[in-house]
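This report describes one protein chain in plain terms. Please look at the sequence and the structure before reading on.

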Amino acid sequence: MATYDKRHDPGKNKKLLAQITGKQLDLKQVLQETNRLFEECRRIPQSLILENGQSRSFLEKIQEGLFRLTAKRSRILEPTRLFVDDDGNVIPDWKDKLDQEYDQLMKNITKEVNVEDYGAVGDGKTDCTAAFKRAIGKGRVKIIVPKGVFITKEIHLPSWTWLMGSGRGTTTIKLHDQASKGTRLITNANHWGGNHHIFVQGMSLDWNVERLGEAVKTSTWGNHSSCLTYANVTYGWVKDVEGINPGLHCFDISSTLYNYAGDGYRARGGSKFIWLDHVTGYGFGDDGITTHHSDYIFISNSHMCDPSGRAHQKGFSNSNGIEVDDGSRNVLLVNNSSARCFGGVEIKAHENSSAASNVKIFGHISVHDNRAFNFRHIGHHKITDAESKSAFNIIAVNLLVMAPIFTELYKDSTPRGMVVSAYKNVVVNHFTLVGDPDYDYKGNPVIALQYRARNVILNNISVADFNKAGAAIKVYGGENRADSIKIYNCSPEKIEIGSGIHDFMIETLESANVYF
């Protein structure tokens with residue numbers, strides 16, 4: 001099996017998915033089928049949940065009150081519609097709008113400059129911070145960064161700016177040894193007022209974590225400590241960019257501040273209409289790509305692998321390849337991959353924030369991730385927790401899991417192909433899971449539907465070579481049970497249904513054994 005390391009070309013993911021799964025999918029037909037299942041899913045009546053909810057401490061109430069000064073009420077948007085373009089690519093219905101704004105970016109760039117003409121030297125030694133600042137000016141400029149290693153203390157991009165290198169591994173921008181731990185290598189100029197029309201292309205971004213020595217933790221707070229941060233950016237592009245060893249994230253698409261005003265609230269100053277294409281990253285302290293409180297995000301043909309986990313306490317590292325986090329809405333992931341992360345793709349929120357909603361995954365390869373696909377709203381799982389007001393609407397299509405494993409990143413976490421907790425209205429269609437027949441999964445289930453997940457449909461699920469695992473699909477029962485579950489056209493040997501589940505339907509192949 002290929003290693004899917006930092007040299008992996010994610011542009012091959014679409015073909016690899018077809019080759020490994022053996023599925024030559026008619027994308028338009030699959031989209032129609034999935035949309036039909038989603039409408040069926042949304043019509044399922046929700047099971048009654050006793051709304052207890054733990055009381056908040058005085059300090060927690062004060063903290064949430066302060067965050068609400070920069071927050072706004074959240075709502076569930078109408079989900080993005082997907083289309084297949086003339087080249088056979090899955091795209092969001094708002095991509096035409098983004099393409100029009102790209103044309104506006106090109107029209108508003110009035111000059112092209114080379115950063116070397118402003119004093120930059122790509123020798124890996126010279127501090128080029130002032131040279132970049134002079135070259136960028138007030139924007140409306142395309143800045144060429146040629147071959148070499150350019151040292152900076154931070155780069156700020158105003159609106160109407162295109163920063164272009166000569167390719168990943170050829171052009172490298174690297175943080176200065178004296179840069180503080182909280183430094184963002186590249187970010188937009190105005191996090192509070194916001195920026196627009198920014199494009200970063202064709203380069204490697206080295207956060208230079210080595211400068212911190214043996215520091216126990218490599219990040220500070222919020223959206224700091226990353227290779228590239230777009231905070232409060234409207235219309236942004238990142239293409240053919242590599243993130244190397246950031247203290248926190250390789251790529252952070254964010255609001256001005258992370259916000260913890262409570263479930264039902266979102267941060268002000270979120271980013272929107274952002275496209276990341278063919279980006280790669282490794283060695284990240286937390287997540288490879290993350291989104292917070294941002295809308296209409298498109299991530300395609302990208303690969304994240306081998307996190308350091310050093311933004312967390314050792315052994316408790318929730319380091320994901322791609323994380324769609326607090327308050328994000330209408331996020332589309334297409335033909336990406338991840339390897340040896342805690343989670344390959346995690347869709348989630350913290351307890352004191354709104355969950356990500358309206359998230360669609362169309363094609364993803366997960367290799368040796370601990371929890372390949374992990375959908376959860378932390379702190380809203382148990383009968384004693386408040387029910388999530390925001391964890392709604394996930395569609396996942398054409399997924400591939402290869403041999404999930406135990407990991408030192410999170411020592412107590414058991415391997416899973418997928419976990420769904422607390423979310424409602426979840427459709428998974430065409431999901432292939434291939435285990436290691438000799439690996440000891442210690443009797444754990446491969447797919448787990450649990451902790452008050454509701455309105456979940458699994459269709460066309462194939463599970464093989466998990467010889468030492470438990471059930472291929474386990475629907476957990478009890479007072480914290482999942483419910484309103486439908487399983488269609490699946491071929492695993494064992495499906496386990498827990499006690500007390502009121503609403504479920506199984507229409508599967510004859511080879512499947514169902515246990516209650």
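A disulfide is a pair of cysteine sulfur atoms within 2.5 Å. In general, a disulfide is a covalent bond between the sulfur atoms of two cysteines. C490 is in no disulfide either, and the nearest cysteine sulfur, that of C41, is 14 Å away. A search of the whole structure finds 0 disulfides.

The model is predicted: local features need pLDDT of at least 70, side-chain atom pairs count only at pLDDT 80 or more, and totals for chains, interfaces and linings use all residues. Residues are numbered from 1 along each chain as its sequence is written, and side-chain values use heavy atoms, with hydrogens and water left out.

## The chain as a whole

The secondary structure of the chain comes to 5 helices and 36 strands. Here helices (H or I, at least four residues) and strands (E, at least two) are DSSP runs, numbered from the N terminus. The chain has a radius of gyration of 22 Å, close to the 24 Å that the globule rule gives for 516 residues, so the chain is as compact as a globular protein of that length. This radius is taken over C-alpha atoms, and the globule rule is 2.2 Å times the number of residues to the power 0.38. Along its principal axes, the C-alpha trace spans about 70 × 55 × 45 Å.

Of the 516 residues in the chain, 62% are buried. Buried means under 20% relative accessible area, exposed over 50%, and partly exposed in between (1.4 Å probe, protein chains only). The accessible surface of the chain comes to about 20,100 Å², and 48% of that surface belongs to carbon and sulfur atoms. Accessible areas come from the Shrake-Rupley method with a 1.4 Å probe; for residues, only the protein chains shown count as cover.

Among contacts in the chain with a separation of 6 or more, 75% are between residues 24 or more positions apart. Contact means heavy atoms within 4.5 Å.

The chain has 60 positive and 58 negative charges, and their mean positions are 5 Å apart. Lys and Arg count as positive and Asp and Glu as negative, while His and the chain ends are not counted. The place of a charge is taken as NZ of Lys, CZ of Arg, CG of Asp or CD of Glu.

## Helix α1

Helix α1 covers residues 13-21, and its buried residues include N13, L16, L17, A18 and T21. What covers the buried residues of α1? The cover includes the strands β23 (329-339), β25 (357-367), β27 (392-402) and β29 (424-434). Just after α1, G22 takes a positive phi of about 75°.

Most residues other than glycine have a negative phi. H293 is not a glycine, yet has a positive phi of about 50°. H293 lies in the loop between β19 and β20 (295-300). S484, also a residue other than glycine, has a positive phi near 55°, and its place is in strand β33 (residues 483-488).

## Selected buried residues

| Residue | Relative accessible area |
|---|---|
| C341 | 1% |
| C490 | 0% |
| D287 | 0% |
| H293 | 1% |
| S484 | 1% |
| H176 | 15% |
| I347 | 0% |

D287 lies in the loop between β18 (280-282) and β19 (289-291). Leaving aside neighbours within four places in sequence, D287 is in contact with L248, H249, C250, N318, S319, N320 and E323. V359 is 72 residues from D287 along the chain, and their C-alpha atoms are separated by 17 Å.

H176 is found in the loop between β10 (171-175) and β11 (186-188). Not counting residues up to four places away in sequence, H176 touches D127, I151, T152, K153, N208 and R211. H176 and T152 are 24 residues apart in sequence and 5.3 Å apart in space, C-alpha to C-alpha.

I347 lies in strand β24 (residues 343-349). Not counting residues up to four places away in sequence, I347 touches V324, A356, V359, I361, N374, F375, R376, I394 and Y423. The C-alpha atoms of I347 and L66, 281 residues apart along the chain, are separated by 26 Å.
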